[in-house]
2 protein chains.
Amino acid sequence: SCHSLVVEDIFLQREQNLGREGGRECKAAAKPQVEFDYDGPSMKTTVPGPRSKELMKQLGQIQNTGAINFFCNYEESKGNYLVDVDGNRIYLCNHFSLDSLGILPPENFPDKITESLLSVAPSGMTRVQTMSCGACSNENAYKAIFIWYRNKERGQNTPTNEELNTSMINQAPGCPELSILSFMGGFHGRTLGCLATTHSKAIHKLDIPSFDWPVAPFPRLQYPLDEFTRENAEEEARCLEEVEDLIVKWRQKGKPVAGIVIEPIQAEGGDNHASPDFFRRLRNIARKHGCAFHVDEVQTGGGGTGKFWAHEHWGMDDPADIVSFSKKLLSGGYYHKDELQPDKPYRIFNTWMGDPSKNLFLSEVLNVIRRENLLEEVTRSGKALLNGLYELQAQYPSILSRARGQGTFCAIDAFDDATRDRILLKARDKGVLLGGCGDRSIRFRPALVFKEYHVNLFLNIFNDVLAQHK
Amino acid sequence: SCHSLVVEDIFLQREQNLGREGGRECKAAAKPQVEFDYDGPSMKTTVPGPRSKELMKQLGQIQNTGAINFFCNYEESKGNYLVDVDGNRIYLCNHFSLDSLGILPPENFPDKITESLLSVAPSGMTRVQTMSCGACSNENAYKAIFIWYRNKERGQNTPTNEELNTSMINQAPGCPELSILSFMGGFHGRTLGCLATTHSKAIHKLDIPSFDWPVAPFPRLQYPLDEFTRENAEEEARCLEEVEDLIVKWRQKGKPVAGIVIEPIQAEGGDNHASPDFFRRLRNIARKHGCAFHVDEVQTGGGGTGKFWAHEHWGMDDPADIVSFSKKLLSGGYYHKDELQPDKPYRIFNTWMGDPSKNLFLSEVLNVIRRENLLEEVTRSGKALLNGLYELQAQYPSILSRARGQGTFCAIDAFDDATRDRILLKARDKGVLLGGCGDRSIRFRPALVFKEYHVNLFLNIFNDVLAQHK
């Protein structure tokens with residue numbers, strides 16, 4: 001039966017979506033019902049009660065719980081009343097915080113997050129902070145980095161009054177001149193903090209004020225990678241040297257680099273790859289200079305590269321200090337090491353802190369990925385796809401070049417941007433939706449269920465498109 | 001029946017939530033099914049076809065549609081295939097954009113947004129941009145302001161190569177030194193752009209790099225407002241003078257004020273009110289100096305003040321250039337005037353651009369608000385609540401003062417922060433969940449269904465808390 005939208009429940013809607021139906025069918029069914037109302041609060045324990053405290057302890061292993069009031073039983077909560085997990089019925093005169101996973105999480109939240117997000121936590125990370133979208137995930141990851149960096153500088157000292165007062169008017173020392181080092185061609189989102197680390201297309205950045213933060217070159221490798229080992233190693237060494245120079249230079253400028261952010265494959269910027277060796281060395285440079293190492297897996301995470309996280313291809317036990325995600329994990333967030341946990345509640349916070357219904361869906365997605373061995377499937381399809389692209393670029397050398405990829409996360413370059421755009425439109429009219437990235441790349445981001453026979457079907461149509469173009 | 005999570009549909013999940021059930025019950029039902037797969041694309045028209053073009057034209061009245069590929073029929077879409085509204089079956093090699101309202105919206109999106117968000121558009125505004133959360137709403141509203149401001153300065157000219165090139169490395173003139181003027185005590189979110197305009201609590205801002213943007217004083221009025229008319233008018237005049245001084249000063253500094261952002265009632269900062277006259281004059285100052293006027297209704301919108309938008313209390317036909325919202329409207333976004341529409345697609349953009357299922361819920365919430373005359377109800381309850389608070393502060397003058405409010409959006413001050421916090425905890429143990437704001441205020445944010453008898457029930461319990469405290 002449809003969860004009818006009786007008026008008392010309006011603002012419980014978000015939580016109740018967790019376990020009930022909602023949406024289009026409800027519309028027909030929505031009609032006034034006999035209103036039910038409890039006749040007042042009813043208390044069995046002080047708040048938070050023992051069950052809430054137990055759940056806080058459990059969730060405390062994963063997140064900062066300082067802002068949590070208590071855990072809710074949303075099934076029993078009605079109208080102006082919240083029922084908590086200790087059976088207390090509490091009168092709500094402050095509805096604004098009701099949607100918040102950070103203040104009033106549902107009882108099953110610690111279990112659900114353990115089953116879903118924590119079951120795929122990157123190596124070395126036991127904590128995860130949920131967020132609504134990719135940009136918020138990176139914004140808050142940067143904030144966690146800045147807070148960690150300043151606390152490290154401060155040692156055991158508490159913030160001075162001068163810091164507290166100047167922070168209120170955006171001035172140092174309260175708002176320090178720290179920076180995040182990012183890479184030319186990188187993409188980390190479009191809100192103002194993220195945008196200061198995004199350098200893929202001018203149209204994303206034009207006219208928006210930014211921060212004076214260092215931008216390092218990302219290696220421009222030659223493909224196929226194994227045919228240009230020496231040249232590529234030289235290019236990577238050049239970029240790493242520049243990274244260290246920039247860290248030193250920005251420290252001298254009084255804007256120390258608190259963190260380095262990088263994608264395992266620069267996606268929006270044109271599917272630019274680098275070797276595991278490059279990332280291992282970069283991670284060491286971050287460690288050496290006391291910068292947090294933030295791997296942005298918003299685009300690469302979720303299995304498209306044939307491993308759940310693209311950074312697993314580097315083969316490291318300690319790949320990063322922070323790993324952010326969104327999109328294919330159905331909602332956003334970031335994993336982090338213990339020491340990047342802010343020392344106080346409300347320093348990393350917002351109203352919703354993610355969406356618990358999305359974590360439920362994620363559990364199911366992960367079950368399917370495991371049951372159907374989809375990562376192996378991706379690896380197999382990815383090989384077929386990349387081999388097909390190699391053949392096509394041999395067949396149409398005046399149109400295509402630089403085929404590259406990991407799993408089905410593949411790309412190939414067109415001769416120029418006009419050619420690329422014509423190919424994309426022609427393919428769309430033949431019923432194949434491709435995407436573009438960088439200046440003149442065609443990108444492939446099929447679903448995890450894109451199997452070998454799908455690859456062949458695609459290659460046939462793509463061949464037709466190219467033959468007609470030629 | 002439960003929409004079972006067959007693997008082909010994993011990444012269609014977000015859209016399909018629109019019209020189907022999902023969530024907890026699905027878990028039990030999730031099991032491998034006989035997989036259904038179309039045998040290839042099937043095209044009836046070029047893409048976008050005539051129906052997609054028609055819908056683009058319709059949505060074009062409301063939003064920039066430049067990034068839209070086509071409109072989808074998500075009911076018919078399966079596995080690796082999208083079916084569009086013209087009956088074309090399209091093969092998906094680029095899943096990453098699938099969740100996006102900005103690229104592949106469902107057929108009913110223009111209608112749904114007209115029924116929901118546009119049916120409550122503020123006076124003078126015909127366009128709305130959906131977003132996932134409050135912080136993203138404000139970040140993108142600021143970006144729209146910066147883009148509008150620079151386009152105004154540029155006139156008919158296109159951006160120079162220097163602008164395009166410098167924008168890629170965060171430098172002027174591509175990333176210009178523009179600013180947003182905000183108010184001490186204001187709260188507009190916690191991502192880096194928003195945070196530069198937030199000035200309510202140091203703990204939100206400490207250690208996070210910021211922008212050198214002007215911060216004006218917000219009037220500190222005496223309550224009840226009608227007993228201090230003259231004093232309050234003087235205080236408001238002082239603040240408005242300071243606003244103009246700051247605009248001039250920042251222009252001279254080379255960081256012109258592109259926009260002014262303000263809450264109708266400073267909420268997080270301690271429920272600070274100002275008169276309609278103050279807002280009318282401020283709006284005129286913005287107009288005079290060519291700054292966009294952005295009213296942030298993330299906390300005040302949705303009916304709690306007794307009008308759907310708090311700015312309606314100002315009685316203006318042209319209250320603002322941008323109005324942002326989130327929370328009580330179930331997802332985020334902002335309304336704006338035509339001229340604040342960016343000139344190109346992808347300048348304001350992200351993966352999800354909001355959540356269509358939340359807009360469906362909003363339609364129902366709005367229906368209930370209208371059917372049950374909830375705004376009148378709020379006005380009535382609000383009067384009872386404020387009168388009750390006046391009586392309590394007369395009864396407990398050593399504990400309480402400065403009762404104030406509009407609708408049920410009320411607050412009262414405690415003697416100091418320790419007293420406030422003790423009262424909040426004591427009330428919670430008696431089964432009443434209140435909230436705090438500012439240094440020592442207790443805030444009331446009941447649901448729209450908080451009726452007069454709920455007010456009386458609350459006042460009785462609150463009286464017990466205060467009696468015991470005394």
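In chain A of this predicted model, let us begin with helices H12(A) and H14(A), which pack with their axes 9 Å apart and at an angle of about 20 degrees. Angles under 35 degrees count as roughly parallel, and H12(A) and H14(A) are therefore roughly parallel to each other. Their crossing is right-handed. On the side of H12(A), the contact includes Arg380(A), Ser381(A), Ala384(A) and Leu385(A), and on the side of H14(A) it includes Glu452(A), Val455(A), Phe458(A) and Leu459(A). Sorted by class, this contact of H12(A) with H14(A) holds 9 nonpolar, 4 polar and 2 charged residues.

H14(A) has another helix packed against it, namely H13(A), residues 417-429. How far apart are the axes of H13(A) and H14(A), and at what angle do the helices pack? The axes lie 10 Å apart, and the angle is about 125 degrees. That angle makes H13(A) oblique to H14(A). Here too the crossing is described as right-handed. From H13(A), the residues in contact are Thr419(A), Arg422(A), Ile423(A), Lys426(A) and Ala427(A), and they meet Phe462(A), Val465(A), Leu466(A), Gln468(A) and His469(A) of H14(A). The classes in this contact are 5 nonpolar, 3 polar and 2 charged residues. Phe462(A) and Leu466(A) also belong to the contact of H14(A) with H12(A).

I now turn to chain B. Helix H12(B) packs on H14(B), residues 452-469, at an angle of about 20 degrees and with an axis separation of 9 Å. By this angle, H12(B) is roughly parallel to H14(B). The two helices pass each other in a right-handed crossing. Among the residues that meet are Gly388(B), Leu389(B) and Leu392(B) in H12(B), and Phe462(B), Asn463(B) and Leu466(B) in H14(B). The contact residues of H12(B) with H14(B) comprise 9 nonpolar, 4 polar and 2 charged.

Next comes a sheet in chain B. In which order do its strands lie? The order is S10-S11-S14-S13; the sheet is open, has 4 strands and shows antiparallel pairing. Strands S10, residues 400-406, and S13, residues 435-437, form the edges, each pairing on one side only. On average, neighbouring strands of this sheet are turned by 30 degrees against each other, direction ignored. Helix H12(B), residues 374-395, packs on this sheet and touches S10, S11 and S14 of chain B. The direction of H12(B) makes about 170 degrees with that of S10(B).

Finally, consider strand S2(B), residues 89-92. Are its residues buried or exposed? Arg89(B), Ile90(B), Tyr91(B) and Leu92(B) are all buried; Arg89(B) and Tyr91(B) point one way from the strand, whereas Ile90(B) and Leu92(B) point the other way. Within chain B, strand S1(B), residues 81-83, pairs with S2(B) in the antiparallel sense over 3 bridges. Leu82(B) stands opposite Ile90(B). The hairpin of S1(B) and S2(B) has 5 residues between its strands, and Gly87(B) takes a positive phi near 85 degrees in it. S2(B) also pairs with a strand of chain A: S12(A), residues 432-433, is joined to S2(B) in the parallel sense over 2 bridges. In that pairing, Val432(A) has Tyr91(B) as its bridge partner.

Methods:
Residues numbered from 1 in each chain as written. Chains lettered and ligands numbered in written order. Predicted model: local features only at pLDDT ≥ 70, side-chain atom pairs only at ≥ 80, totals over all residues. Heavy atoms only, no water. Pairing = 2+ DSSP bridges. Axes fitted to C-alpha atoms, helices over the stretch in contact; angles between N-to-C directions. Contact = heavy atoms within 4.5 Å. Buried < 20%, exposed > 50% of the residue type's maximum accessible area, 1.4 Å probe, protein only. Parallel < 35°, antiparallel > 145°, perpendicular 65-115°, else oblique. Left-handed = near helix turned anticlockwise from the far one by under 90°. Nonpolar A, V, L, I, M, F, W, Y, C, P; charged D, E, K, R; others polar.
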